[in-house]
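Hi,

Here is the structure I promised to pass on.

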Amino acid sequence: MARVEYENVSKRFPTQDRAAIDDFTLDVADGELLVLLGPSGCGKTTALRMLAGLEHPDSGDIRIDGKSVVGLEPKDRDVALVFQSYALYPHMSAKDNIRYPLRVKHMNEAERERRVGQVAEMLSLTALLERRPARLSGGEQQRVALARAIVRQPRVFLMDEPLSNLDAKLRTHTRTELKALQRQLGTTTVFVTHDQAEAMTLADRIAVMDRGRLLQLGTPDDLYLRPVNLFVAQFIGSPPMNILAAEVRDGALLAEGTWRLPLPRGIAAKSVSVGIRPEGIELDESSTDAQVGEVLVSEPLGSETIVDVKVGGALVKVRAAPQVRPDPGTRVHLRVDPSAIRLFDTASGSAIA
Ligand code: ADP
Ligand code: MG
């Protein structure tokens with residue numbers, strides 16, 4: 001069992017004029033893979049380092065398994081940290097690197113060998129165990145660093161952008177493996193990234209942060225379909241959600257002055273922002289009653305085409321089938337799926353429907 005809780009945690013570095021972590025409350029379930037996601041500087045690393053015991057909160061509490069760890073030395077917390085830089089010992093073989101954390105524990109030689117062998121097997125490192133880091137690729141070094149964390153069988157894994165140094169292909173591959181491995185081990189994991197695609201593929205739940213605050217906690221689907229505010233709406237998804245200025249007039253929604261959209265029930269606000277995901281809009285050549293727009297550019301991506309369409313003063317991104325490639329200047333009709341419409345209060349940014 002390892003549940004992790006942050007309760008009203010705040011932390012400000014002396015040189016900063018605002019808090020790095022601001023009244024942060026989060027509950028990570030036992031066995032969960034929770035991703036902390038947010039732009040650079042939002043406080044992800046600080047939140048993780050406080051859990052590891054490398055930084056200390058100014059106020060609030062951090063608990064593992066219901067017991068406060070504030071004030072405990074890092075070594076007494078039984079957590080394992082994996083960073084972006086693998087920080088392997090260059091003069092030691094992969095095997096000695098993996099075995100290293102077990103030296104300080106009282107464990108007999110046979111048990112140590114058994115654990116190293118098992119973890120090496122799990123991460124496909126068995127054939128590489130005698131090599132030193134300099135003779136391993138980036139991806140292999142990264143797996144050694146993971147193995148070194150896993151072999152300790154800690155209560156919690158803490159991972160700070162551990163895949164950032166890998167090239168795109170290896171990165172996607174490693175994150176799939178990492179997810180499978182985490183499932184298999186069932187070890188509570190807090191994983192930090194600024195990459196929304198990485199967060200979406202890995203996480204059981206994602207905690208979106210900005211300026212030291214928790215904005216939204218939810219499953220990848222929750223965040224994608226029901227973002228609580230404009231920041232989350234535009235941070236999640238690629239391309240991000242289209243946001244249009246709109247007015248409620250005569251029971252209808254009028255975006256960008258001309259675009260009539262169905263109004264969700266119970267909306268009284270006059271000035272709102274409409275959010276529509278790129279797949280919530282369809283290019284409809286035959287229709288005559290749909291909104292007219294002008295194609296700026298088609299971006300073919302192989303599995304799909306993203307078509308940029310100018311509507312009034314706005315640029316709208318539409319997700320279309322791969323063979324759809326309208327030329328710049330083409331007039332197109334846009335049709336919106338009513339269930340894809342989200343509304344936000346323009347002033348506060350909060351979701352209202
Ligand atoms: P992230 O990991 O999300 O990029 P960090 O947790 O590293 O963000 O940083 C959060 C904020 O705290 C940033 O404004 C950063 O400049 C500041 N910060 C982090 N570490 C220190 C430090 N040791 N001293 C002063 N400011 C720091
Ligand atoms: Mg960081």
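This is a predicted model: local features need pLDDT of at least 70, side-chain atom pairs count only at pLDDT 80 or more; totals for chains, interfaces and linings use all residues.

A quick convention before the strands: two strands pair if DSSP finds at least two bridges between them. Helices (H or I, at least four residues) and strands (E, at least two) are themselves DSSP runs, numbered from the N terminus.

Residues are numbered from 1 along each chain as its sequence is written, chains are lettered from A and ligands numbered from 1 in the order in which they are written, and side-chain values use heavy atoms, with hydrogens and water left out.

The overall picture

The protein has 8 helices and 20 strands. Its C-alpha atoms fill a box of roughly 75 × 45 × 35 Å, taken along the principal axes. Of the 353 residues, 50% are buried (buried means under 20% relative accessible area, exposed over 50%, partly exposed in between, with a 1.4 Å probe and protein chains only). Taking contacts (heavy atoms within 4.5 Å) with a separation of 6 or more, 64% are between residues 24 or more positions apart.

The 4-stranded sheet

One open sheet has 4 strands in the order E2-E1-E4-E5, with antiparallel pairing. Its edges are strand E2 (21-28) and strand E5 (67-68), each of which pairs on one side only. Strand E1 (residues 4-11) and strand E4 (residues 59-64) run antiparallel and are joined by 5 bridges. Within that pair, glutamate 5 has arginine 63 in E4 as its bridge partner. Helix H1 packs on this sheet, touching E1, E2 and E4, and its direction makes about 120° with that of E1 (axes are lines fitted to C-alpha atoms, for helices over the stretch in contact, and angles run from 0 to 180 degrees between N-to-C directions).

The 6-stranded sheet

Another open sheet has 6 strands in the order E6-E7-E8-E3-E9-E10, and here the pairing is mixed. Strand E6 (79-82) and strand E10 (213-218) are the edges, each pairing on one side only. From one strand to the next, the twist averages 20°. H1 (residues 44-52) packs on this sheet as well, touching E3, E6, E7, E8 and E9, with its direction at about 150° to that of E7.

Going through the pairs, E6 and E7 run parallel with 4 bridges between them, and alanine 80 stands opposite phenylalanine 157 in E7. E7 pairs with E8 in the parallel sense over 5 bridges. Strand E3 (residues 33-37) also pairs with strand E8 (residues 188-193) in the parallel sense, over 5 bridges. Valine 192 in E8 stands opposite aspartate 160, and it stands opposite leucine 36 too.

E7 is worth a click. How many of its residues are buried? It is 5 of the 5, so E7 is largely enclosed by the rest of the structure. Val156, Leu158 and Asp160 point one way from the strand, and Phe157 and Met159 the other way.

The helices

H1 is mostly covered, with 7 of its 9 residues buried: Lys44, Thr46, Ala47, Leu48, Met50, Leu51 and Ala52. Just after H1, glycine 53 takes a positive phi of about 95°.

H5 lies across E3, E7 and E8, running at about 160° to E8. The axes of helix H4 (residues 138-150) and helix H5 (residues 168-185) come within 12 Å and cross at roughly 15°. H4 and H5 are therefore roughly parallel to each other (angles under 35 degrees count as roughly parallel, over 145 as roughly antiparallel, 65 to 115 as roughly perpendicular and the rest as oblique). On the H4 side, Gly139, Gln142, Arg143, Leu146 and Ile150 meet Leu170, Thr174, Glu177, Leu178, Leu181 and Leu185 in H5.

One residue further along

Valine 311 is found in strand E17 (residues 305-311). It is buried, with a relative accessible area of 0%. Not counting residues up to four places away in sequence, valine 311 touches Glu256, Trp259, Gln291, Val292, Gly293, Val316 and Leu334.

Cheers
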